Amino acid sequence: MSSIIAYFTNATGSSPGAQGTTFQWIAYIAGQYKFMFLQAAWVTVYVAFLGTILGFLIGFLVGIVNSTKIEPDDNVVKKALLRIVKVIIAIYVEIFRDTPMIVQGMVLYYGLRDNNVMVTSIVAGVLVIMLNTGAYMGETVRAGINSIDPGQTEGALAMGESHFGTMFYVVLPQAIRNIVPEMCNTFLTNLKETSVLNVIGVTELFLMAKTAGGAYYKYYESYLVISVIYLVMCFVFNRIFRVLEKKMKGSKDYVLAAEYMNTDE
């Protein structure tokens, strides 16, 4: 093994030089910047995870509001307030679904700083991921809510439960099972989409690869290194999410209780 490493790194730890092969440069850059790549990978996961979780909370609220119907017997204030909130949400969703994330990042980051709100690039990155996730998850949550039998909602309302109480205690606990796969896919998407945040200075993997590549003018080799890192991270998280989905589905080898079985046959 040591001889193989020595071959790829030129044995001395110095750069392979102009005559170095692609594999030698990949091994050299990975070795020279390994700790910086690991730190950038952590920033990538941190920004994607925190932004996704906060975005899910926004998406839940958006989905609940969008699924709330304006009834004829509602008072005027409630009708007006609900219509205003629905319009605001519609505008928010359209803006963040119809513009590129890279543009949103620059507008949000530089816009806040120009107005004397000195946010860091990481905070701005989390905000962009959060607002994007909330805009997309709103429709997912609404679809998950609509997938639940309407009879359960009607039963809870008939017992005197409020609409929001029905959502939180009856509908959402069941709808979450249908929403989880999309939540996991959204996180994996956000994990890769963090690469666009390099334009506002977030020290994630893409920015680190650009920095390492610029030091030796070996961008191709640097981007291959982070490609492997992205592949490993997404593969691991994908397997974790599959286990989570199976756990939420429950066991299939169940047996019906004897009192509910037909004993006449």
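1. **A tilted pair.** W25 and Y216 form an aromatic pair that is tilted, with 5.5 Å from centre to centre and 55° between the planes. This pair links distant parts of the chain, since W25 lies in helix 2 (residues 22–32) and Y216 in helix 9, 191 residues apart. W25 counts as buried because its relative accessibility is 4%, whereas Y216, with a relative accessible area of 25%, is partly exposed.

2. **A stacked pair.** The ring centres of F206 and Y223 are 5.3 Å apart and their planes are at 10°, so this pair is stacked. Here, too, distant parts of the chain are linked: F206 belongs to helix 9 and Y223 to helix 10 (residues 219–249), 17 residues apart. F206 counts as partly exposed because its relative accessibility is 27%, and Y223 is also partly exposed, with a relative accessible area of 25%.

3. **A cluster of rings.** Ring pairs also link F49, F187, F237 and F241 into a cluster, which can be located in the structure by these residue numbers.

4. **The length of helix 9.** Helix 9 covers residues 205–216, and its 12 residues should span 16 Å at 1.5 Å a residue. The C-alpha atoms at its ends are 17 Å apart, which agrees with that expectation.

5. **The ends and the buried residues of helix 9.** At the start of helix 9, a side-chain oxygen of E204 reaches to within 2.7 Å of the backbone nitrogen of F206. Just after the helix, Y217 takes a positive phi of about 55°. Within helix 9, the buried residues include L205, M208, A209 and A212, together with L207 and G213.

6. **Confidence in the model.** The chain averages a pLDDT of 82, and 86% of the residues score at least 70. Among the elements of the chain, helix 5 (residues 101–114) has the highest mean pLDDT, 92, while helix 1 (residues 2–9) has the lowest, 42. Over residues 1–12 pLDDT stays under 50, and for this stretch the model has 10 contacts beyond four places in sequence. Where pLDDT is low, the predicted coordinates should not be read in detail.

Note on methods. Residues numbered from 1 in each chain as written. Predicted model: local features only at pLDDT ≥ 70, side-chain atom pairs only at ≥ 80, totals over all residues. Heavy atoms only, no water. Helix = DSSP H or I, 4+ residues; strand = E, 2+ residues; numbered from the N terminus. Expected span 1.5 Å × (residues − 1). Buried < 20%, exposed > 50% of the residue type's maximum accessible area, 1.4 Å probe, protein only. Polar contact = N/O pair within 3.5 Å; in protein donor to acceptor, adjacent residues only side chain to side chain. Phe/Tyr/Trp six-rings, centres within 6.5 Å; stacked < 30°, edge-to-face > 60°. pLDDT = per-residue confidence, 0-100. Contact = heavy atoms within 4.5 Å.
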